[in-house]
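Some terms in a structural description rest on a rule.

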Amino acid sequence: MDRILQYFPELTQTQIEQFRMLKPLYEDWNAKINVISRKDMDSFYLHHVLHSLALAKVMKVKESEKIIDIGTGGGFPGIPLAVIFPHGDFTLCDSIGKKTKVAAAVAESLGLKNVKVVNKRAEEISEQFDHIISRAVTSLDNFIPWTKKMKARSIYLLKGGDIDAELDTCFVKGIINPKTLTLMDISLWFKEEWFEEKKIVTVNNL
C-alpha cells in the first residue's frame with residue numbers, strides 16, 4: 001500500500017481507503033474462489049494493484065467516458081482504475097462466471113457506482129466504448145479483432161516479456177497500423193525490479 005501512496009500522492013482519502021480495503025477483500029474471496037494465486041497474494045499491491053495503475057500514467061479519462069476491461073478476471077486492471085477515475089464509466093467483462101462474481105462483489109464492497117460487471121465473451125458485446133483496457137489476456141492478433149465493433153478510440157494493454165513476434169504478426173496481417181502504436185516501459189514510472197520487462201501497448205485512432 002505504501003507503494004501506491006508513493007506513486008500516486010494525490011489520492012483522496014476515499015481512494016486511499018478503497019485501496020486499503022482491496023487486499024482483505026481479495027483474501028476473503030480467494031479463500032472461497034481462487035482467482036489470485038496464493039503466492040501472488042503476498043505481492044498483491046505490487047503484482048496486481050500497482051501493475052493495473054500503470055495504465056493511469058498514460059490514460060486520460062474524461063467525464064462519463066466508457067471503458068471496458070476485457071478478460072478482467074477478478075477485476076484487474078478495471079477495479080483499481082475505477083478507483084483512480086471515479087468519473088469514468090467502467091464495464092468489466094469476463095467469460096468465467098466465478099471470476100465475475102468476485103469482481104462484482106469487490107466493486108460493491110468498495111462502493112464503486114461507476115462499475116458494471118458482465119459475464120460474457122468479448123465477441124458477444126456489441127456496445128461501443130471510448131477506451132478498451134486489458135491485462136495479457138491473449139496474443140494481440142487474437143485480441144484486437146475482438147474489439148473492432150466496440151469502435152474505441154484507444155486500446156491500452158498491459159503486456160510482459162518480448163512481444164516483437166506478436167506485433168510483427170499484427171503488422172503482416174494488417175491488424176495494427178504501426179503508426180497507431182505506442183510502446184512504453186512501465187519501469188519509466190515504477191522502479192521495482194518486477195516491472196523491468198513489463199510494457200503498456202497503446203493503439204490509438206482505430
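What follows is a set of questions and answers on a predicted model.

Q: What makes the space of about 430 Å³ a pocket, and which residues are closest to its centre?
A: A pocket is an open set of grid points with protein on both sides within 12 Å along at least five of seven lines. Of its 24 lining residues, Gly71, Thr72, Gly73, Asp94 and Lys99 are the closest to the centre.

Q: How does the lining of the largest pocket divide by residue class?
A: The lining has 10 nonpolar, seven polar and seven charged residues. Gly counts as polar under the rule used.

Q: Why is the space lined by Ser134 and Leu157, among others, called a cavity?
A: The term is used because a 1.4 Å probe fits at its points but cannot get out. The count comes to one cavity of 30 Å³ or more, and the largest cavity holds about 30 Å³ of space. Its lining consists of Ser134, Ala136, Val137, Thr138, Leu140, Phe143, Leu157 and Lys159. By class these are five nonpolar, two polar and one charged. Helix α7 (140-146) and strand β5 (154-160) each supply at least two of the lining residues.

Q: What makes the set that contains Phe19, Leu22 and Tyr26 a nonpolar core?
A: Membership requires a buried residue of a listed nonpolar type, joined to others through side-chain atoms within 4.5 Å. The largest set formed in this way has 52 residues, and Phe19, Leu22 and Tyr26 have the most contacts inside it. Elements that give two or more residues to this core are α1 (2-7), α2 (13-30), α4 (44-53), α5 (78-84), β2 (89-94), α6 (97-110) and β5. A second, separate core has 23 residues, including Ile68, Cys93, Ile125 and Val203.

Q: Which residues does Phe19 contact beyond its neighbours within four places in sequence?
A: Phe19 is in contact with Met1, Ile4, Leu11, Tyr45, Val49, Leu53, Pro80, Val83 and Ile84.

Q: How do you know that the buried residues of α8 line one face of the helix?
A: Buried means under 20% relative accessible area, and in α8 (residues 164-173) Glu166, Leu167 and Cys170 are buried. Seen down the axis of α8, its buried residues fall within an arc of 95°, so they line one face. The face turned away from that buried side carries Ala165 and Val172, which are exposed.

Q: What do the buried residues of α8 pack against?
A: They pack against α7, β5 and β6 (181-185).

Note on methods. Residues are numbered from 1 along each chain as its sequence is written. This is a predicted model: local features need pLDDT of at least 70, side-chain atom pairs count only at pLDDT 80 or more; totals for chains, interfaces and linings use all residues. Side-chain values use heavy atoms; hydrogens and water are left out. On a 1 Å grid over the protein atoms alone, a cavity is a set of points where a 1.4 Å probe fits but cannot get out, and a pocket is an open set with protein on both sides within 12 Å along at least five of seven lines; lining residues have an atom within 4 Å of a point. Grid points are joined across faces, edges and corners, and a volume is the space filled by probe spheres set on the points. Helices (H or I, at least four residues) and strands (E, at least two) are DSSP runs, numbered from the N terminus. Buried means under 20% relative accessible area, exposed over 50%, partly exposed in between (1.4 Å probe, protein chains only). Contact means heavy atoms within 4.5 Å. The arc is that of the directions from the helix axis to the C-beta atoms.
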